[in-house]
Amino acid sequence: MNSILGIINLNEDENKLVELTYNRPIAAIPFAGRYRVIDFTISNMVNSGINHVFIFTRDKYRSVTDHIQTGRAWDLERKNKGIFIFNPLQNFYSNVRSSDMDIISDYLDYIYYSKEKYVVISPSYFISSINYKEMLKKHKESKADISVAYKKISTQTDEFRECDSLVIDEDGRAIDVICNKKGSKNVFMETIMMERKLFIDIINKRILGADNDLLKDTVFQLKNNLKIYTYEYKGYLARIDSVKSYYKRNIELLSEDVMNTLFSESWPVFTKAKDEPPTKYQMNAEVTNSLIASGCCIDGKIENSVVFRRVTIYPGARIKYCIAMQNSKIGENTVLEHVILDKNVIVTKGKIIKGTLDNPIIIEKNQII
């Protein structure tokens, strides 16, 4: 797997997550009590033996840089190879580059001088436990020019309704990609593998004036000239691209079956350590079926909720089906149901705030209610 350069492409659609992405990209949104969304993609690469990773950001990249730092949490703090973050450049003629083809082309020299034979390009907002070793094996066996990963779903759900979908022939070849195809069963995970030299050629086509701004569109424009084969991923998959999907994917992790599908001893998910003290449960604490991170102080009732680090819940407070991010404070006798609290939110005593499963209420970062 030292023959693969991992590329994480953060050119992701945030239009349905603006309340949570005002100061951060999707990659940096807290998830599952102690992680960030990007942790899963980086961990998949590390678990697959990839030790050279490039992250291409688009904007609001400070939180990603702060979280990744030197890459030590993923054993990517290295003298040679390791992890690198590339931020979009500004030039005299335009503002920050917005398309992933432009952003990658600005740093093409780094890819050109890399030693790996292959590249794999993945987004951060698909949460999975995909094994790139297996994908490379299938790529070689099929003698593909390009391999693309997909997940076959039995029934169409709202979560994947707007995903790009692959049209696959009986030989496993991807013959087309369809946007927003209602009822489609082959969810394109936007994960692409090919030889590094071919990837450089594709980026050069953009520099020379090709029509497409997006890498995935450019790849499928070449379907008549190159062999594009598929790799079927069969594990857990979630797409974090809306408030609704973010909320539901956190809450569904309260199911032991779902949790065990995503997390396993053989495929760990790494993140930056915070070294918090254990959570303190006071006399009035009552917790049912919830994820509770370290460093909290709980003296209220929690049910079916995800609570991040250093959250304080005062006596008489009751939260149900909620997500409380880092440093939140929930006052005495407060009632919260179907609510997402961003970081550093304070809800003063006696407040009653209730959303619904399909329409959770978001209290934005640093707010006092």
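1. The second largest cavity has a volume of about 50 Å³. A cavity here is a set of points on a 1 Å grid over the protein atoms alone where a 1.4 Å probe fits but cannot get out, and lining residues have an atom within 4 Å of a point; grid points are joined across faces, edges and corners, and the volume is the space filled by probe spheres set on the points. The lining consists of T41, N44, S122, P123, F126, S128, I130, Y132, M189 and T191, and the elements that give two or more residues to it are α2 (38-47), β6 (118-123), β7 (126-128) and β11. Helices (H or I, at least four residues) and strands (E, at least two) are DSSP runs, numbered from the N terminus.

2. On the basis of these values, this is a predicted model, in which local features need pLDDT of at least 70 and side-chain atom pairs count only at pLDDT 80 or more, while totals for chains, interfaces and linings use all residues. Residues are numbered from 1 along each chain as its sequence is written, and side-chain values use heavy atoms, with hydrogens and water left out.

3. By class, the second largest cavity is lined by five nonpolar, five polar and no charged residues, where Ala, Val, Leu, Ile, Met, Phe, Trp, Tyr, Cys and Pro count as nonpolar, Asp, Glu, Lys and Arg as charged, and the others, Gly among them, as polar. The largest cavity, at about 110 Å³, has a lining of three nonpolar, three polar and six charged residues, including R34, R36, K272 and K274. There are three cavities of 30 Å³ or more in the count.

4. Five strands form an open sheet with parallel pairing, in the order β14-β17-β20-β23-β26, and its edge strands, β14 (280-281) and β26 (346-347), each pair on one side only. Two strands pair if DSSP finds at least two bridges between them; β20 (residues 312-313) and β23 (residues 329-330) are joined by two bridges, with T312 opposite K329.

5. An antiparallel pair is formed by β9 (residues 165-168) and β10 (residues 174-178), which four bridges join, and here S165 stands opposite I178. The hairpin has five residues between the strands, and G172 in it takes a positive phi near 85 degrees.

6. The structure holds 14 salt bridges, each being a side-chain nitrogen of Lys or Arg within 4 Å of a carboxyl oxygen of Asp or Glu. One of them joins R239 and E190 (3.8 Å, N to O); because R239 lies in strand β13 (residues 237-239) and E190 in strand β11 (residues 186-195), the pair ties together parts that are 49 residues apart in sequence. Both R239 and E190 are buried, that is, under 20% relative accessible area, with exposed over 50% and partly exposed in between (1.4 Å probe, protein chains only). A network of salt bridges links D164, E190, K216, R239 and D241.

7. K244 and D358 also meet in a salt bridge (3.8 Å, N to O), which links helix α9 (residues 243-252) to the loop between β27 (352-354) and β28 (361-363), 114 residues apart. K244 is partly exposed, at 28% relative accessible area, and D358 is partly exposed at 48%.

Methods: 1 Å grid on protein atoms, 1.4 Å probe; cavity = no way out; pocket = protein on both sides within 12 Å on 5 of 7 lines; lining within 4 Å.
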